[in-house]
Amino acid sequence: MKKERFNFREAYERVDAIKGRLNEMAQNLESDKEREAFTEAEEGERKQLFRELDILEMKIKANTPTIEVMHREDIAEANRKIRECLSNGQRFELKIARAVASSFHGNASTYASGISGTNPSGLTTHDIVEPLYNKTILSAIGSPLLTGLKGNHQWPVVEAFHATINDEGAELGDTKIPINKLIPKPERLGIAVPITREALNETDDLVQLVATEYMPVAIAELMNKIMFSQTKVNGATDLEGPFIATKMLADNLKTYTGEAPTLKQIVGAKTAILSHNVKPDGLCYVMSEVTKGELEATPKWDGANAAIVDENGKIGGVPVFTTNEVPDGQIYVGAFKYAPQGLFGDMVFIVDPYSKSRQNAIDFVLNVDYAISVLRQEAFAILSKIGVTLDKSAVELTVGDTIDLTALAYPVGTAVTWASSATAKATVANGKVTAVAAGNANITATITVGGQNYTATCAVTVKAGA
């Protein structure tokens, strides 16, 4: 008897319907202040829905085949199976595994340092890791991305202990880095990347398309978001980068005013780190492309022929890494070997042909375990621009005219207060200036940071109409 093919579409549609009904029941209970629990009938329905949901999810998993790639010779067969599943509308898992040699215990990938022999040759994970590596801070500091980690891994560190000269039998100096910080706590990252059916149909090597063109970008963006965010990323438990605002040392928060910081101010942020007895290993400046562009056009000092960011993309020999995760006007600096990060285990793509069907695309969902630790908070500093600028410093209007002024506030997101020095001549509301009568008025945009006001002004000249 021929086995009936499992209908993934119907299963997904039913899963969505069950979740929708459960959400509806929860909202009804929440909005009904007269009762504290579900009725007997609702409780029975809820149990039945959860039972059906569990069965459906087990069936989906049981009918999801795994296509495993461990060696390059597996790729041709994997591509064939992928096309067969896509043609049949079948959900499947693509597992890009590490062919682990008996002597390999989760060491660092060494493509960055050029050392051979650490990992077995011909690993297809390399196809993901190398382009991923090139999009992270690790490429700037020349530190390898740790991959294939497993078990009770311990981070390699530039300094774990410091020795002191003591009398015989005396106790050694304190550990600078608590041992619990050396043990990473990986968390599951899930990243969905839709790939159009046209792209899949026109590509011979689907494994290559997924592994080298789409997924590295998505993984790197999320890793950079975690590394450079000033707040904990939604859904994270232990994943925190070194620039969480509430954990930054006050001495390591520096400010500047004006279009760009001086070289002395930039070096001052680095000096704040080194003053804490931090080794300068893995030092790097991090900023947006906009901020870097300003520093490439700013002389090191008055009359200097060289810019702050030199032709090699460095500041005083320290590399510069750019990312849109750092707001314009801010410069991060850190000894990034004190914030190790790595990937654990295999990379598994769950391929879903349904959820993006209306966009004629297929979702490739990557699941991978990722960890990051901040070993020494004092090894990181932020230099922030403070102030506000307007896109126009002077305008001429005719009575009845309007014009929109744009204020750029630093830190980014700071609330702006608008005012007019002569509302009888010109008014302003959220940057929109209206000419009222002939005369002059100054339009000001003001921000308040740390109890101090910063103001930018636009001179408005209003002429009478014809």
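1. Basis of the note. Because the model is predicted, local features need pLDDT of at least 70 and side-chain atom pairs count only at pLDDT 80 or more, whereas totals for chains, interfaces and linings use all residues. Residues are numbered from 1 along each chain as its sequence is written, and side-chain values use heavy atoms, with hydrogens and water left out.

2. The six-strand sheet. An open sheet is built from six strands in the order β5-β12-β9-β6-β8-β7, with mixed pairing. Two strands are taken to pair if DSSP finds at least two bridges between them; strands are DSSP runs of E with at least two residues, helices are runs of H or I with at least four, and both are numbered from the N terminus. The edges are β5 (253-256) and β7 (314-315), each of which pairs on one side only.

3. Strands β6 (residues 283-287) and β9 (residues 330-335) are antiparallel and share four bridges. Val 286 has Tyr 332 in β9 as its bridge partner.

4. Helices on the sheet. Helix α9 (residues 289-296) packs on the sheet and touches β6, β7, β8 and β9 (contact: heavy atoms within 4.5 Å); its direction makes about 105° with that of β6. Axes are lines fitted to C-alpha atoms, for helices over the stretch in contact, and angles run from 0 to 180 degrees between N-to-C directions. Helix α8 (residues 263-274) lies across β5, β6, β7, β8 (318-322), β9 and β12 (380-385), and runs at about 155° to β12.

5. Asn 277 is located in the loop between α8 and β6. Although Asn 277 is not a glycine, its phi is positive, at about 65°.

6. The three-strand sheet. Another open sheet has the strand order β15-β19-β18 with antiparallel pairing. Its edge strands, β15 (402-404) and β18 (426-429), each pair on one side only. Three bridges connect β15 with the antiparallel strand β19 (residues 432-435), and Thr 402 has Thr 434 in β19 as its bridge partner.

7. Strands β14, β20 and β21. Strand β21 (residues 452-463) pairs in the parallel sense with β14 (residues 394-398) over five bridges. Strand β20 (residues 439-449) is joined to β21 in the antiparallel sense by eleven bridges.

8. A cis peptide bond. Tyr 410 and Pro 411 are joined by a cis peptide bond with omega of about 0°. Pro 411 belongs to the loop between β16 (407-410) and β17 (417-420).

9. Salt bridges. The whole structure contains 14 salt bridges, each defined as a side-chain nitrogen of Lys or Arg within 4 Å of a carboxyl oxygen of Asp or Glu. One of these joins Glu 52 and Arg 14, at 2.7 Å from N to O. This pair links distant parts of the chain, with Glu 52 in helix α2 (residues 40-62) and Arg 14 in helix α1 (residues 8-31), 38 residues apart.

10. The largest pocket. A pocket is an open set of points on a 1 Å grid over the protein atoms alone, where a 1.4 Å probe fits, with protein on both sides within 12 Å along at least five of seven lines; lining residues have an atom within 4 Å of a point. The largest pocket holds about 380 Å³ of space. Among its 15 lining residues, Lys 181, Asp 238, Ile 372, Ser 373 and Val 374 are the closest to its centre.

Technical notes
Grid points are joined across faces, edges and corners, and a volume is the space filled by probe spheres set on the points.
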